[in-house]
Amino acid sequence: MNGPVIRIAAEEWRSLARNRAGLIATLLLVALIVVSAVVSFERRAGIEAERARYQASADTGFDNQPARHPHRMVHYGQFVFRPLSPLAFVDFGVDSFTGNTIFLEGHRQNSANFAEARQSSLLLRFGQLTPAFVLQTLAPLLLIFLAFTSVAREREAGTLRLMLAQGVSGSQLLAGKLLGHGGIALAIGTPAFLLFAWLAARAVAPTDAVALLGIGYAAWLLLWAMLAVLISALVTRSRDALVALVAIWMVGVILLPRVLPEVAATRTVLPSKIETDIALHRDLKQIGDAHNPDDPYFAHFKARALARYGVSRVEDMPVQYAGLVGMEGERLTTGLYARSAKAMAAREAEQNGFVRAFGTISPLIAVRQLSMALTGTGLAAHQDFLNQSEAFRYRFVQALNWMQAEKIPSVNAGEDPRVSADNWKTIPRFRYRPFVPPSALIWPNLLVLGGWLAGLLLLSLPIARRLGRAAR
C-alpha cells in the first residue's frame, strides 16, 4: 500500500478526532455495545437460572408423585424448559417470541408456551438492547454520519481538484478514504470482537462459531463504511449523500426486514391453531377406537397380540393388554402429530426461505440469519428443541405405557390398580442436546456478505476513474 493512500486514510482518522460530535457519537456507540453486552449477559444468566430452577421443580414434582396408575402419570405429564445457548446474550433472536416451555403428555403434541413477547409491552418488538441490535441497526447509522462527507466535502471545498492536480490518482484517493473508514468501522466493532475473542478463549462457546460471528459482523460494518464512501464519491453535494444513505438505511435495515415476513405470511398461509386441531381430530377419528371391540384395526391388533404371546385370551397374556393398546395408540397418534408438525415446519421453512432470498437485496437479513444461527436463537434452533422434546415425549409416554402393561395384572387388578411411587424415578428426564447449526444456515449468508463487499469493490473501480477525471 503506497504512501498517499496511507496519508489519506490517516487524514480521515485525524478528521474524526477533530470532529467532536462524531467522536462523541462513536464513543457512545462503543459504550452502548459494552453496556448491551453486560446487560444481556446478566439477563441470559438470570433466564437460564430461572429455567433451570423451574425444570428442577417440575422434575421433583414428578418424582414425588404418590403411588398411581401409570396411565394417570401419562396425563400428569412433564414440563420441559428450553435452555439458552451460551451465545444467546449476543442475539436473543426469536426466543422471546416462540415460547420456551412445553407440557409433554400422552395422546397429544403441545406447542411451546410462555413467550416473553406475549407478556411484555410492544417495545420488545422494536428490538432488545443486545450487541446484535446495536451492531445491526445503530452502527450502520453512525458509519453513515461519519463517512457521508468523506469525498463530497473535498469536492465542495475544492480540495479534490487540488489533490488530483498534485498527482494523487482517483484510485489512490478512493482507496485512502475506504481504508480510513474501514478502519473506523472495525474500531467501532472492537468491543464486540474482543468479547468474541474472550468467549473463545474461555471456551464459553465453540471457537468456530465465535470466529464466524466475528467475521460476519466485521463484513457487515465494512460494507456500510464502503457504501457510505462510494455514495459520497458519486454525488456532488454531501447533503445528497446523506439523504441517499439514510434512505438506503431505512429501506434496508428498517423497512424490508419488517415487511418481508408479512409478505411471506401472505404468500404461504399457515393454518390457525383451531384449524390444525380440527384437522387432527378428524384424522384421529379415522385411526380407530381402541374401546370398540368391533373396530377393524384394533381387532386385528388384538389378534396379532394374542398370536405373539401364544394365547387365545387377553386374560392369559403375561402382560396387561390395555397397556399394549395404549402403546399402539400412542404410536399411531404420534405418527399423526409428527406428520402435521412436519407439514407446518415445511410451511414455516418456505416463509423463512422467501425472506432469506431477499438477503441479496437487504444484507441485514443475511447478517441477522447468520447471527441467529451461530448464537442458537433462530427458528431452526427452536424447531430442533421441538423435535428433541417430541422424541423425548414419545419415549416418556411409552415407558409409562409399558409400565402399565408389565406391572398391572391382567386379571383381578382391582378397581384402582396402582404401582409404587419408586417407579417414577426410573422414568427418563429431558436432556437437551445443544443445537449445532448446519452449514446451509451459515455459508450462504457469509457468501451474501462477501458478495456485497466484492460488488462494492468492483463498483469502486469506475467511481475511482470518474474521480480521476475531475481534475481535467
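Leu 379 lies in helix H16 (residues 379-407), where helices (H or I, at least four residues) and strands (E, at least two) are DSSP runs numbered from the N terminus. The model is predicted, so that local features need pLDDT of at least 70 and side-chain atom pairs count only at pLDDT 80 or more, while totals for chains, interfaces and linings use all residues. Residues are numbered from 1 along each chain as its sequence is written, and side-chain values use heavy atoms, with hydrogens and water left out.

Leu 379 is partly exposed, with a relative accessible area of 29%; buried means under 20% relative accessible area, exposed means over 50%, and partly exposed lies in between (1.4 Å probe, protein chains only). Leaving aside neighbours within four places in sequence, Leu 379 is in contact with Val 94, Glu 348 and Asn 352, contact being heavy atoms within 4.5 Å. Leu 379 and Glu 348 are separated by 31 residues in sequence and by 8.9 Å in space, C-alpha to C-alpha.

The largest nonpolar core contains 71 residues. Such a core is a set of buried Ala, Val, Leu, Ile, Met, Phe, Trp, Tyr and Cys residues joined through side-chain atoms within 4.5 Å. The residues with the most contacts inside the largest core are Leu 174, Phe 196, Tyr 217, Trp 220, Trp 224 and Leu 449. Helix H10 supplies the largest share of this core, 18 residues. A second, separate core of 22 residues includes Ala 373, Phe 396, Phe 435 and Leu 441.

Leu 449 is found in helix H17 and is buried, at a relative accessible area of 0%. With neighbours within four places again left aside, the contacts of Leu 449 are Gly 216, Ala 219, Trp 220, Leu 223, Pro 363, Ala 366, Val 367 and Leu 370. The C-alpha atoms of Leu 449 and Leu 221 are separated by 10 Å, although the two residues are 228 residues apart along the chain.

Two packed helices are described by the angle between their axes and the distance between the axes. Here the axes are lines fitted to C-alpha atoms, for helices over the stretch in contact, and angles run from 0 to 180 degrees between N-to-C directions. The axes of H15 (residues 363-375) and H17 (residues 443-468) come within 8 Å and cross at roughly 145°. The crossing of H15 and H17 is left-handed, that is, the near helix is turned anticlockwise from the far one by less than a right angle. On the H15 side the contact is made by Pro 363, Ala 366, Val 367, Gln 369 and Leu 370, and on the H17 side by Asn 445, Leu 446, Val 448, Leu 449 and Trp 452. By class, eight of these residues are nonpolar, two are polar and none is charged; Ala, Val, Leu, Ile, Met, Phe, Trp, Tyr, Cys and Pro count as nonpolar, Asp, Glu, Lys and Arg as charged, and the others, Gly among them, as polar.

The axes of H2 (residues 20-63) and H9 also come within 8 Å, and they cross at roughly 35°. Val 30, Ile 33, Val 34 and Ala 37 of H2 meet Pro 191, Ala 192 and Leu 195 of H9. This contact has seven nonpolar, no polar and no charged residues.

The loop between H9 (190-201) and H10 (207-234) contains Ala 203. Most residues other than glycine have a negative phi. Phi of Ala 203, however, is near 55°, a positive value in a residue other than glycine. Ala 203 is exposed, with a relative accessible area of 63%.

An unreviewed UniProt entry places the feature "domain: ABC-2 type transporter transmembrane" at residues 141-257; annotations of this kind may be inferred rather than shown by experiment. Over residues 141-257 the chain is 85% helix and 0% strand, with the end C-alpha atoms 16 Å apart. The unreviewed entry also places the feature "transmembrane region" at several spans, including residues 133-152 and 173-199. Residues 133-152 are 80% helix and 0% strand, and their end C-alpha atoms lie 30 Å apart. For residues 173-199 the values are 96% helix and 0% strand, with an end-to-end C-alpha separation of 38 Å.
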